[in-house]
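Please look at the chain below and follow it slowly from one end to the other before reading on.

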Amino acid sequence: MESHNIAGDLEEVLLTEEQIQGRLAELARQIEADYAGENVLLVGVLKGAVMVMADLARELNMQVTMDWMAVSSYGSGTTSSGVVRILKDLDSDLTGRKVLIVEDIIDSGLTLSWLISNLKSRGPESVEICALLRKPEAARVDIDVKYLGFDIPNKFVVGYGLDYNEQYRNMRSVGILAPHIYS
Ligand code: 5GP
Ligand code: MG
Ligand code: MG
């Protein structure tokens, strides 16, 4: 593949690196205050949440444990069905743990809603959500997101962990792909 400026494939930058990092720092201060003296288990959902997890965890001035899960949503094409399969489970026992799920984006909310009840069934003390992005217009279930980065329009976005055909995850900003990329 010829090398090019991947950010040039965007039609619009929705969130710059500075905006993302600034917001993560604010969320980190809230999380530090809410979990003072506790060892939180951060559960990152692969692959999209890798960047949020890396930057949020390093911003937190407290003890945390990081673990990862990979899930896949059964369903046709790009729409989430809410039927979820675990591709990689956690290594940790959740009994009595304070769990904070770290997600890239909440679209329909079906995947996360399934994940929340799955993790709650394992006996944790609490399960809360931190998501960088949410599309309020796409919501099909109500999810109580305790730590939310940004609400965004109902458009397909890439960057900062989010992919199109496994590409663009390494962009530092979040944006909308230019139409010529799809064709
Ligand atoms: P949900 O179950 O909430 O509809 O879907 C959640 C998952 O779909 C996200 O974790 C993400 O992997 C994917 N997804 C939803 N919206 C977008 C988007 O705008 N861009 C990208 N790249 N992935 C998305
Ligand atoms: Mg995700
Ligand atoms: Mg994807």
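What follows goes from the overall plan of the chain to its sheets, its core and a few single residues.

This is a predicted model, in which local features need pLDDT of at least 70 and side-chain atom pairs count only at pLDDT 80 or more, while totals for chains, interfaces and linings use all residues. Residues are numbered from 1 along each chain as its sequence is written, and chains are lettered from A and ligands numbered from 1 in the order in which they are written.

The secondary structure of the chain comes to 4 helices and 9 strands, where helices (H or I, at least four residues) and strands (E, at least two) are DSSP runs numbered from the N terminus. Read from the N terminus on, the elements follow the order β-α-β-α-β-β-β-α-β-β-β-β-α. The C-alpha atoms fill a box of roughly 50 × 35 × 30 Å, taken along the principal axes. A compact globule of 183 residues would have a radius of gyration near 16 Å, and the chain, with 16 Å, agrees with this; the radius is taken over C-alpha atoms, and the globule rule is 2.2 Å times the number of residues to the power 0.38.

How are the strands arranged? Strands of a sheet pair through backbone hydrogen bonds, either parallel or antiparallel, and two strands are said to pair here if DSSP finds at least two bridges between them. Strands β2 and β5 run parallel and are joined by 5 bridges, and within this pairing leucine 41 stands opposite valine 99 in β5. On to β6, which is parallel to β5, there are 8 bridges, and the bridge partner of glutamate 103 in β6 is alanine 131. Between β5 and β6 the chain passes through helix α3 (residues 110-120), and this β-α-β crossover is right-handed, a term that applies if, with the strands pointing away from the viewer, the path from the first strand over the helix to the second runs clockwise.

An open sheet of 3 strands has the order β1-β9-β8, and its pairing is antiparallel. Its edge strands are β1 (10-15) and β8 (157-158), each of which pairs on one side only. Strand β8 is joined to β9 (residues 174-177) over 2 bridges in the antiparallel sense, and valine 158 has glycine 175 in β9 as its bridge partner.

The next topic is burial. A residue is buried if 20 or more other C-beta atoms lie within 10 Å of its own, exposed if 12 or fewer, and partly exposed in between, with C-beta atoms placed from the backbone. By this rule 29% of the 183 residues count as buried, and in β5 this holds for 8 of its 9 residues, so that the strand is mostly covered. In helix α2 (residues 50-59), Met51, Val52, Met53 and Leu56 are buried, and the buried residues of α2 pack against α1 (17-34), β2 (40-46), β3 (64-73), β5 (98-106) and β6 (126-134).

In soluble globular proteins, nonpolar side chains tend to be buried together. A nonpolar core is a set of buried Ala, Val, Leu, Ile, Met, Phe, Trp, Tyr and Cys residues joined through C-beta atoms within 7 Å. The largest such core here has 38 residues, and those with the most contacts inside it are Leu56, Leu100, Ile101, Val102 and Cys130. Two or more residues are given to this core by each of α1, β2, α2, β5, α3, β6 and β8. Two residues are in contact if their C-beta atoms, placed from the backbone, lie within 7 Å; leaving aside neighbours within four places in sequence, valine 102 is in contact with Leu42, Val43, Gly44, Ala49, Val52, Met53, Leu56 and Cys130.

Most residues other than glycine have a negative phi, and most peptide bonds are trans. The peptide bond from leucine 46 to lysine 47 is cis, with omega near -5 degrees, and lysine 47 has its place in the loop between β2 and α2. In the loop between β8 and β9 lies glutamate 166, whose phi is positive, near 70 degrees. Tyrosine 168, found in the loop between β8 and β9, also has a positive phi, of about 75 degrees. Glutamate 166 is exposed because 7 other C-beta atoms lie within 10 Å, whereas tyrosine 168 counts as buried because it has 22 C-beta neighbours inside 10 Å.
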